[in-house]
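Thanks for coming, everyone. Let me put the model up and walk you through it.

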Amino acid sequence: MRALRKLGFLTIGLFDAADPRAGHESTLQIIELGEQLGFDSAWLRHRHLQFGISSPVAVLAAASQRTRRIELGTAVTPLGWENPLRLAEDWATVDVLSGGRLNPGLSVGPPMNFDTVKDALYPDTAEQEDFSYQRVKRLLGFVRGEKASDFSGARAFEEFSDQVQPHSAGLGERLWYGGGSLSSARWAGENAMNFLTSSVVKAEDAEPDFAQIQLSHIQAFRAAHPLGAKARVSQGLVVIPTDSAGPEQIAKYQAYVDRRTPRTAEPQGPARMLFARDLIGTSEQIAEQLHAHAAFAEVDEVAFALPFSFQHEDYVQILTDMATRLGPALGWSSSAAD
């Protein structure tokens, strides 16, 4: 069992279509609260053409100016929606603004619902776009300083670089791959990335035991990584501590978990996606379950996922319990004062 070294949280950043500013402001306040509570990291999800944050890079740029210590990540950026060169510029810019606190997480593959959006996203090149790992390798190269142009020097009164600018030293070591299969875990390790493993994995040919499948992914990643057992892995389960919650909150939280639990009984769909059970209860109860979780025993970083559809005050309660009760129960202590 590894001691829990880094405690983080993940949010989707929901908003009302009629008043989107309020939801985005709530997310920024939650990140500020996370820093005040001593969390090591805050992560945002992407939600394209939905009512959740569609541009984490913009929100994290704002968050970088309202915080000073907490690390800021994406979990994950679906690279099929992005131009790797432009994204490398955006990430490097936010990393510079944050003082080297950005932890970009990404995944690859065709965009969700691609048939319905391809004419808007790639009207002329949809059939030619490469959604393979090669798209990730292009991004890795640009972030890590490989050439993006065959020209550098002066033209008239302007200076040009053949590398992405700004170049943020160290960002290339803080890139994370979000993977749910053995092949993605191995690929992330072979390419010296960090590894994000969430509450969804592919059962593939394995028995449907979530913890054991997730453990096999962590082991495959580290076996392929140059750093071996020291390679960074972060686990992102849905965790809902109820220590300071009121009766109405607890009832709402339990109803949320109950609605989601049936899908955890067996792999879902042709891809055999297996979902982890949401963990709900007192911090002591959740800590007991995590200590018995085979994959949790192999990580020293977590980014616990906040439920999607709760209210701001619910997130305040959950994050406060995580930082003041659950984290310490897992052996974590805040480094905020360091």
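Start with aspartate 95. Setting aside neighbours within four places in sequence, aspartate 95 is in contact with Gly100, Arg101, Leu102, Ser168, Leu171 and Arg174. Contact here means heavy atoms within 4.5 Å. Aspartate 95 sits in helix H3. Helices (H or I, at least four residues) and strands (E, at least two) are DSSP runs, numbered from the N terminus. Is aspartate 95 buried or exposed? Its relative accessibility is 0%, so aspartate 95 counts as buried. The cut-offs: buried is under 20% relative accessible area, exposed is over 50%, and partly exposed is in between, with a 1.4 Å probe and protein chains only.

A word on what you are looking at. This is a predicted model, in which local features need pLDDT of at least 70, side-chain atom pairs count only at pLDDT 80 or more, and totals for chains, interfaces and linings use all residues. Residues are numbered from 1 along each chain as its sequence is written, and side-chain values use heavy atoms, with hydrogens and water left out.

Now the whole chain. The protein chain has 10 helices and 14 strands. Its C-alpha trace spans about 70 × 45 × 40 Å along the principal axes. What about the radius of gyration? For 338 residues, a compact globule would come out near 20 Å, and the protein chain has 20 Å, so the two agree. That radius is taken over C-alpha atoms, and the globule rule is 2.2 Å times the number of residues to the power 0.38.

Of the 338 residues, 52% count as buried. Take the contacts with a separation of 6 or more: residues 24 or more positions apart account for 72% of them. The protein chain exposes about 15,600 Å², and carbon and sulfur atoms supply 51% of that. Accessible areas come from the Shrake-Rupley method with a 1.4 Å probe; for residues, only the protein chains shown count as cover.

On to the inside. Which residues have the most contacts inside the largest nonpolar core? They are Phe39, Met193, Ile240, Phe304, Leu319 and Met322, in a core of 86 residues. The largest share of this core, six residues, comes from helix H10, residues 312-329. By nonpolar core I mean a set of buried Ala, Val, Leu, Ile, Met, Phe, Trp, Tyr and Cys residues joined through side-chain atoms within 4.5 Å.

Look at leucine 319. Not counting residues up to four places away in sequence, leucine 319 touches Phe9, Ile30, Leu33, Leu37, Phe39 and Leu306. There is also a second, separate core of six residues, including Trp81, Phe114, Tyr122 and Ala126.

Next, helix H2, residues 56-64. Pro56, Val59, Leu60, Ala61, Ala63 and Ser64 are buried there. What do the buried residues of H2 pack against? Three strands come up: E2 (41-44), E3 (71-78) and E4 (102-107). Helices H1 (20-37) and H3 (84-98) are packed against as well.

Now the backbone. Most residues other than glycine have a negative phi, and most peptide bonds are trans. Here are some exceptions. Alanine 75 and valine 76 are joined by a cis peptide bond, with omega about 0 degrees. Valine 76 is in strand E3. Glutamine 165 to proline 166 is cis too, with omega near 0 degrees. Proline 166 lies in the loop between strand E6 (158-160) and strand E7 (176-178).

Then phi. Asparagine 113 is not a glycine, yet its phi is positive, about 55 degrees. Find it in the loop between E4 and helix H4 (114-121). Asparagine 113 has a relative accessible area of 53%, so it is exposed. Glutamate 204 also has a positive phi, about 50 degrees, and is not a glycine. Glutamate 204 is in the loop between strand E9 (200-202) and helix H7 (210-224). At 31% relative accessible area, glutamate 204 is partly exposed.

Two last positions. Alanine 223 is in helix H7, and it is exposed because its relative accessible area is 68%. Glutamine 311 is in the loop between strand E14 (301-305) and H10. Its relative accessible area is 43%, so glutamine 311 is partly exposed.
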